[in-house]
Amino acid sequence: MAVQDITSDTFEQAVKDHDLSFFDFNATWCGPCRAFGPIFEKASEQADNQDIFFGSIDIDKNQDLANQANIQAVPTLMIVKEGHIVYQEAGALRAADLDDLIAQAKKLDVKAALAEAAANGNEDPSDLIDEQ
């Protein structure tokens, strides 16, 4: 599945319609965004990733969405699984690092991870996947 352009109007539906979504928050003027874009696109086209939704969000055209997502720098990768933000980090990734995050996201049991996080006093579900 190719990367889809996402707007403030389509973001919520994209999350609802897909169990696992990767969102690339970016800007046209951002050099690291231009470097990460082709890596993100290639990952979206891999046969193993056809069950994952890949969306691209231009922060300049969707400032309200970027503000709601608390985007402080671009590129920022957000992973949403079963309606929960399980990962959100700024910075361009290498292909191998993105592939690793995809594998971790696929394996993640969201309910178990949320229960474990709550048991450990961690109320922030955005760090359910280990950082690189």
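Modeller: Gladly. Let us begin with contact, which means heavy atoms within 4.5 Å. In this protein, 73% of the contacts with a separation of 6 or more are between residues 24 or more positions apart. A word on the source: this is a predicted model, where local features need pLDDT of at least 70 and side-chain atom pairs count only at pLDDT 80 or more, while totals for chains, interfaces and linings use all residues. Residues are numbered from 1 along each chain as its sequence is written, and side-chain values use heavy atoms, with hydrogens and water left out.

Colleague: How many helices and strands are there in the protein?

Modeller: Both are DSSP runs numbered from the N terminus: helices are H or I with at least four residues, strands are E with at least two. Here there are five helices and five strands. Starting at the N terminus, their order is β-α-β-α-β-α-β-β-α-α.

Colleague: What radius of gyration does the protein have?

Modeller: The radius is taken over C-alpha atoms, and the globule rule is 2.2 Å times the number of residues to the power 0.38. For 132 residues a compact globule would come out near 14 Å, and the protein agrees, with 14 Å. Along the principal axes, its C-alpha atoms fill a box of roughly 40 × 35 × 30 Å.

Colleague: And which share of the residues counts as buried?

Modeller: Buried means under 20% relative accessible area, exposed means over 50%, and partly exposed lies in between (1.4 Å probe, protein chains only). Of the 132 residues, 42% count as buried. Ser 44, in helix H2, is one example, at 0% relative accessibility. Beyond its neighbours within four places in sequence, Ser 44 touches Met 1, Ala 2, Val 3, Gln 50 and Phe 54.

Colleague: How many aromatic pairs does the count come to?

Modeller: Rings of Phe, Tyr and Trp (its six-membered ring) pair if their centres lie within 6.5 Å; planes under 30 degrees apart are stacked, over 60 edge-to-face, and the rest tilted. That rule gives five aromatic pairs. Among them, Phe 40 and Phe 54 sit edge-to-face, 5.2 Å centre to centre with 75° between the planes. This pair links distant parts of the chain, with Phe 40 in helix H2 (residues 31-45) and Phe 54 in strand S3 (residues 53-58), 14 residues apart.

Colleague: Are Phe 40 and Phe 54 buried or exposed?

Modeller: Phe 40 is buried, at 1% relative accessible area, and Phe 54 is buried too, at 0%. Together with Phe 22 and Phe 36, they form one aromatic cluster.
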